[in-house]
Amino acid sequence: MTSDLQPARPAPSRLDLFLGFGKLGLMGFGGVLPFARRELVETRGWLSAAEFADLLGLCQFLPGGNIANLSIAVGYRFYGISGAASAICGLLLAPAIIVFMIGEVYDRFRDLPVTRHMFAGIAAGAGGLLLALAFKIAEPLRKDLRGLLVLALVFGTIGVLHWPLLPLLFILLAVSLVLNGGTRR
Amino acid sequence: MTSPGLIDIAENFAELSLLAFGGGNALLPELHARLSERLHWLSSTDFAALFALAQAAPGPNIMVVPLIGKHVAGLGGFIVALVAFFLPSSVLLLLSMTIWERFRDSPWSARLRRALLPVTAGLVASGAMSIVVSADRNLFYVAITALSFVTIRFSRLHPLAVLAAGGVLGIAGLWWSA
């Protein structure tokens, strides 16, 4: 037999999809995507590196959480709708239970002075995390005046003036497409 | 604050689902502006705290959506928010998968992605702004935010450790301000 570059691996069952994405959901803190690549491509071999990049491209393109979209796309490739349902239910089940319990704790203790200050401190810390994330995402635009102009426009209308995202999003995307969509190297 | 019915919750989160270009963090400013400022479902303080708690939990950070559903309408709100938020974008994705085969290699795909990047960056910056403004009620909390930003930007400390430190400092602030 001729040897393939990649060893053939058995396709995952629906239960494998459920459990595999369940593991991703529980690992997922502060960016699931690097984990997702390692799990899906290297550890489990469900996708080749090129397939992963292609599906991720689609998922980042459409509305919805990237990792939730990815679970749907991967599940659908193997078993259609039922595969997609297995994968996203696996991804969300454990985090949903955990977040529900956290909500229960919050609603019960939010009025106590100690916990109120603790939650406020965590929220202030999360503000710092998000600021750092915004800087990281904007990094490739550092020397890109037209990109920065769009960023400033979005920040001014949505971040400062709090205008509604619908229909503004589509106007801003159109402006960005005109300014940044040209063929550049 | 007004408490929404389950239909209000379903309608709003289904619409938000289809507006979530650039993922969960890019949706944050609209979540806050819509739910706290326009609909008055929850205070900005509660919004910022619930967002931070969803960040501290494992799982996609957009799990703040069902958490808000629970806060405003209990278990029913939790389930309705979860389904209403994840279903529409999932159906759209499934419908797009066949079109994508033909679209991915067209020049428009690369153009749209280039156009989306600065918009996403602006939306995440706006989300950061709404959390910071909601959370930083006085100089003490501004200092926590600044410390958190500098730590994440210039060290490799785990984000969870930074959030935990924020909680501890917050409690310490209780005595500091007393």
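Helix H4 of chain A contributes the most to the lining of the second largest pocket, with 9 residues. Helices here are DSSP runs of H or I of at least four residues, strands are runs of E of at least two, and both are numbered from the N terminus. A pocket is found on a 1 Å grid over the protein atoms alone, as an open set of points with protein on both sides within 12 Å along at least five of seven lines; its lining residues have an atom within 4 Å of a point. The lining of this second largest pocket has 16 residues, and Ala85(A), Ile88(A), Cys89(A), Phe86(B) and Leu87(B) lie nearest its centre. Two elements give two or more residues to it: helix H4 (66-109) of chain A and helix H4 (64-103) of chain B. The volume of the second largest pocket is about 350 Å³, where a volume is the space filled by probe spheres set on grid points that are joined across faces, edges and corners. By class, its lining holds 15 nonpolar residues, 1 polar residue and no charged residue. In this division Ala, Val, Leu, Ile, Met, Phe, Trp, Tyr, Cys and Pro are nonpolar, Asp, Glu, Lys and Arg are charged, and the others, Gly among them, are polar.

The model is predicted: local features need pLDDT of at least 70 and side-chain atom pairs count only at pLDDT 80 or more, while totals for chains, interfaces and linings use all residues. Residues are numbered from 1 along each chain as its sequence is written, chains are lettered from A and ligands numbered from 1 in the order in which they are written, and side-chain values use heavy atoms, with hydrogens and water left out.

A cavity is a set of grid points where a 1.4 Å probe fits but cannot get out, and the count comes to 2 cavities of 30 Å³ or more. The largest cavity holds about 60 Å³ of space. Its lining draws on both chains: Ile158(A), Gly159(A), His162(A) and Trp163(A) are among the residues of chain A, and Pro29(B), Glu30(B), His32(B), Ala33(B), Ser126(B) and Ser130(B) are among those of chain B. The elements that give two or more residues to this lining are helix H6 (145-160) of chain A and, in chain B, helix H2 (24-38) and helix H5 (107-135). H2(B) gives the most, with 4 residues. The lining of the largest cavity divides into 4 nonpolar, 5 polar and 1 charged residues.

Phi of His162(A) is near 60 degrees, a positive value in a residue other than glycine. Elsewhere in chain A, the peptide bond from Leu166(A) to Pro167(A) is cis, with omega near 10 degrees. Pro167(A) belongs to helix H7 (residues 165-180) of chain A.

The second largest cavity has about 40 Å³ of space. Gly24(B), Asn25(B), Leu28(B), Leu31(B), Phe51(B), Asn61(B), Ile62(B) and Val64(B) form its lining. H2(B) supplies the largest share of this lining, 4 residues. By class the lining has 5 nonpolar and 3 polar residues, and no charged ones.

Chain B as a whole has 7 helices and 0 strands. The C-alpha trace of chain B spans about 65 × 40 × 25 Å along its principal axes.

The two chains meet with 91 residues of chain B in contact (heavy atoms within 4.5 Å) with 87 residues of chain A. The size of an interface is often given as the accessible area lost when the parts come together. Here the buried area, which is the accessible area (1.4 Å probe) that two parts lose on being put together, summed over both, is about 8000 Å², and carbon and sulfur atoms give 78% of it. Lys70(B), Leu93(B) and Trp100(B) supply 8% of the area that chain B buries against chain A, more than any other three residues.

Across this interface there are 4 salt bridges, each a side-chain nitrogen of Lys or Arg within 4 Å of a carboxyl oxygen of Asp or Glu. Asp46(B) pairs with Arg110(A) in a salt bridge whose closest N and O atoms are 2.7 Å apart. Glu104(A) forms a salt bridge with Lys70(B), with the closest N and O atoms 3.0 Å apart. This pair crosses between chains, from helix H4 of chain A to helix H4 of chain B.
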